[in-house]
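Look over the sequence and the model below.

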Amino acid sequence: MKKNILLVVNPISGDIDKLEIITMVSEFAENLGVNLEVYTTSGEDDIENIKTLYDKSLFERILVAGGDGTIKMVAEAMEEHDVILGILPAGSANGLAVDLNLPTTIEENLEIAFSGETKAIDMIAINGKKSIHLSDIGLNADLVKNYENGSIRGKIGYMLQTVSTLIDLEPPFFATITGDFPTVACEARMIVIANSQKYGTGVTINPAGLMDDGLFELVILKNMDLVLFGKIITGNMPINDEDVEIISTKKATITTQQPVNFQIDGEYCGKQTKLDIAILHQQIKVAVPIVTSAT
């Protein structure tokens, strides 16, 4: 019996030609002798549509051509099913692919997506929504909002909006963070809710992060002057700096005195004053490169 595989394509993510990806995946599937169905997201009822497709065909794997937000959406649709997600990085930022050490090209990722080994990873629940990678309030969420409102996609769009966001830097916000750790009350420029280590740009924000350890990290950036910003973007994230605090936990609540911009996995989610956060241990399975032992 032929295997059934679904390809979910986000047509507006990143700056990669999605028709070319569909052709490449279709040819690869034909050569393997598997049944391939293609679903293109529209932004309306995608989760329910994917659930319906799965109930009909019981896909063994679902390949995702998009960014972190698209992967998260598919993971939410499949949270009650034992299905493997194969990642074809095609977003403006592909942070999860970076953290999983996936290759950078679609061609190299095809074999992994179709037949790579399986790794179970955590997700994070935030105010009832799911995060698979990195979410935050403050500076980076300001950037995500500006990027979504901009007209240029891809890395160039991110670079332009980074400059614009820093020029129009919002004032710090005051936050209180509670959980199974001493309460933290401080001014902050940004608080990251991290299930992994790196943003899609390759910048490390959470050096100790693991995606399968049953914990998430809160990375509190209390100051964001040019010196600290320079250290972060050059890969020298300071973990003992008085302006940076990292907390590992399974559950936490962040409360802010005023509404602050918030984003989940690269998607802007409005302004918030309270975030209730909890880990979802080994919630989904993803395809990763096969590890061969040295001889």
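Lys 119 counts as partly exposed, at 28% relative accessibility. In this predicted model, the side chain of Lys 119 meets that of Asp 212 in a salt bridge, 3.2 Å from N to O. The pair links distant parts of the chain: Lys 119 sits in strand β5 (residues 117–126), Asp 212 in the loop between β10 and β11, 93 residues apart. Asp 212 is partly exposed too, with a relative accessible area of 28%.

How many salt bridges does a search of the whole structure find? The search finds six. Three of them are set out here.

| Salt bridge | Closest N to O distance |
|---|---|
| Lys 222 and Glu 245 | 3.1 Å |

Take Lys 222 and Glu 245, which form a salt bridge. Lys 222 is in the loop between β11 and α8 (226–233), while Glu 245 is in strand β12 (residues 244–249), and 23 residues separate them. Lys 222 has 26% relative accessibility, so it counts as partly exposed. Glu 245 is also partly exposed, at 26%.

Glu 79 lies in the loop between α3 and β4 (84–89), and Lys 130 lies in strand β6 (residues 129–131), so the pair ties together parts 51 residues apart in sequence. Lys 130 is buried, at 12%.

Asp 17, Glu 20, Glu 107 and Glu 108 form a negative surface patch. Of these, Glu 107 belongs to helix α5 (residues 106–115).

Next, the buried parts. Helix α3 (residues 68–77) has 10 of its 10 residues buried, so the rest of the structure largely encloses it. Among the buried residues of α3 are Asp 68, Ile 71, Lys 72, Val 74 and Glu 76.

Ile 205 is buried as well, with a relative accessible area of 2%. It is found in the loop between β10 (190–194) and β11 (216–221). Ile 205 and Leu 221 are 16 residues apart in sequence, and their C-alpha atoms are 9.9 Å apart in space.

Last, the cysteines. A disulfide is a covalent bond between the sulfur atoms of two cysteines. How many disulfides are counted here? The count is zero. Cys 186 is buried at 10% relative accessibility, and Cys 269 is buried at 18%.

Terms used: Residues are numbered from 1 along each chain as its sequence is written. This is a predicted model: local features need pLDDT of at least 70, side-chain atom pairs count only at pLDDT 80 or more; totals for chains, interfaces and linings use all residues. Side-chain values use heavy atoms; hydrogens and water are left out. Patches are made of residues with over 30% relative accessible area and no salt bridge: like charges are joined within 9 Å, nonpolar side chains (Val, Leu, Ile, Met, Phe, Trp, Tyr) within 5 Å. Accessible areas come from the Shrake-Rupley method with a 1.4 Å probe; for residues, only the protein chains shown count as cover. A salt bridge is a side-chain nitrogen of Lys or Arg within 4 Å of a carboxyl oxygen of Asp or Glu. Lys and Arg count as positive and Asp and Glu as negative; His and the chain ends are not counted. The place of a charge is taken as NZ of Lys, CZ of Arg, CG of Asp or CD of Glu. Helices (H or I, at least four residues) and strands (E, at least two) are DSSP runs, numbered from the N terminus. A disulfide is a pair of cysteine sulfur atoms within 2.5 Å. Buried means under 20% relative accessible area, exposed over 50%, partly exposed in between (1.4 Å probe, protein chains only).
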